[in-house]
Amino acid sequence: MSASPPITRDTEVWYHDGNVVLVAEDVAFRVHRSILEASKSAVFRTLFEVPQPLPAAADHLDGCPVVHVSDCAYDMREFLAVLYSGPRAFAPSATYTLPKLLAVARLSHKYELEDVLAAATARLAAGEFPLSFATWDAHQSAAGSDADAVRLAQAIPAVNLFRRIGRHDLLPAAYYHCYRLPARALLEGRRCPESGVLERFTSAEALAECIAIRDTFFQNQGWMFRGFAEIEMEGGGGHQEDCERLWGDFHDAQRNFSSACWSVDSGFGLLASRREEFAPFERCEQCYSRLTERWDALRQDMWTWLPVICGLPHIEGWDTTSDDGDLSE
Ligand SMILES: [Zn+2]
C-alpha cells in the first residue's frame, strides 16, 4: 500500500471559518461553500453532490468535508483568489502576471465561469497576446527582459488553453513564442520560473502542429533577415565621423546569419525591437532612423503574416496595417 503525500494547508487561501476544503495536488484550501456556490459554477455544484472516495476518515480536515480536484495547486490558489475578490477581481487597478492570468483562464473555463474567462482573456488580448502590432510592441518593451523567461515558459500552456477554448485570435503570438523555444523544450516542456510548474503540450496533435508552424517560421525568417542585411548607408552629407565604420560592423554581423538571428533577444526575435543593437547609430539621426524604420517595417510585415504563418483561418480585427507585399520584398 503506497502512502499518499501529506496534505499541506495553503498559507494564502485558508479561511478559519471556511466550511469546505478543496485539495489540489497535496495542497488544501479551506474556503466557504457559499462563495463557490455564488460563483454559479455548475461544476462546483456537481462536485458537492458527488460523494467523495472512501475511506470516510480521510474525507475531513479540521472538521470540514474534503473535496479532491484534479487541478494543480497553483491554478486553484489564483482561481480562488479571483472568486473571493468578486467583481473587484478585474478592476483596472488589479494587476496580474502572465502565469496567474492563464491559471485563472484555465480554471474559469473548466468550472464554466464565462464572465471570469471573458475578463481574463480580455486581459491576455490587451497584453501578451494582442491582435495589433502597436499593442504588442508597447507591451513587450514595457515588460522588461525578466518577463521573457516567464513568457517563454508560458508559451506552451497558452497554446493549450487557446486551442481548448477556441480562441484562434490569441494563438499567433503564443505560437511565435513557441517557435522561439528550443525543440527540446517543445517536446519535454518548460518549467515556469514563477509557478514552478512543468508546462507541456496536452496533446500530441498540438505538439505536431506547433512543430510544423515552427518550420514555417524558420522558412520566413530567412527572407526577413536577408531583406534587412541588404540595407545600405545613405549617400550624401550629414553623417557622423564613424558612420561608415558602424555600417561596416553592421554588415559583418548581418553576414553571419546565425549571430544576426540570435543577437535579437533570446532566440530568433523576429518581432523584437532591436533598439539596443542599433544604439551605436543613435548619434546620427539619419542612420538610426534608416535602420529602425526598415526593421520596424519588416516586423510589421511579419506581424501581418503571423496568422498565415501559423496556418490559422482569417482573424477578424487582426492588424494588417502593412499588407502591401510579402516578406521577400
Ligand atoms: Zn550616419
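# Notebook: a look through the predicted model

**Entry 1, the whole chain.** I started with burial: of the 329 residues in the chain, 48% are buried. This is a predicted model, so I looked at confidence next. The mean pLDDT over the chain is 88, and 89% of the residues reach at least 70. I counted the elements too and got 15 helices and 7 strands. For contacts with a separation of 6 or more, 63% join residues 24 or more positions apart.

How do the axes of helix 3 and helix 4 cross? Helix 3 covers residues 73-85 and helix 4 covers residues 98-110; their axes come within 8 Å and cross at roughly 80°. Angles of 65 to 115 degrees count as roughly perpendicular, and helix 3 and helix 4 are therefore roughly perpendicular to each other. I listed who makes the contact: helix 3 brings Tyr74, Asp75, Met76, Glu78, Phe79 and Val82, while helix 4 brings Pro99, Lys100, Ala103, Val104, Arg106, Leu107 and Ser108. Sorted by class, that contact has 8 nonpolar, 1 polar and 4 charged residues.

I went through helix 6 (residues 133-143) for burial and found Phe133, Trp136 and Gln140 buried. Why do they lie on the same side of helix 6? They cover an arc of only 55° around the axis, and that puts them on the same side. I then asked what the buried residues of helix 6 pack against. The partners are helix 7 (146-153), helix 9 (171-180) and helix 15 (285-309).

I picked Asn160, which has its place in helix 8 (residues 155-164). Its relative accessible area is 7%, so I logged Asn160 as buried. Skipping neighbours within four places in sequence, I found Asn160 in contact with Arg200, Phe201, Thr202 and Ala206. Then I moved to Thr292, which lies in helix 15. Thr292 has 8% relative accessibility and therefore counts as buried. With neighbours within four places in sequence left out again, Thr292 is in contact with Arg275 and Phe278.

I looked up Glu25, whose phi is near 55°, a positive value in a residue other than glycine. Glu25 is in the loop between strand 2 (20-24) and strand 3. Is Glu25 buried or exposed? At a relative accessible area of 55%, Glu25 is exposed. Arg274 also went on my list: its phi is near 60°, a positive value in a residue other than glycine. I placed Arg274 in the loop between helix 13 and helix 14 (275-278). Its relative accessibility is 5%, so Arg274 counts as buried.

Notes. Residues are numbered from 1 along each chain as its sequence is written. This is a predicted model: local features need pLDDT of at least 70, side-chain atom pairs count only at pLDDT 80 or more; totals for chains, interfaces and linings use all residues. Side-chain values use heavy atoms; hydrogens and water are left out. Axes are lines fitted to C-alpha atoms, for helices over the stretch in contact, and angles run from 0 to 180 degrees between N-to-C directions. Helices (H or I, at least four residues) and strands (E, at least two) are DSSP runs, numbered from the N terminus. Angles under 35 degrees count as roughly parallel, over 145 as roughly antiparallel, 65 to 115 as roughly perpendicular and the rest as oblique. Contact means heavy atoms within 4.5 Å. Ala, Val, Leu, Ile, Met, Phe, Trp, Tyr, Cys and Pro count as nonpolar, Asp, Glu, Lys and Arg as charged, and the others, Gly among them, as polar. pLDDT is the predictor's confidence in each residue, from 0 to 100. Buried means under 20% relative accessible area, exposed over 50%, partly exposed in between (1.4 Å probe, protein chains only). The arc is that of the directions from the helix axis to the C-beta atoms.
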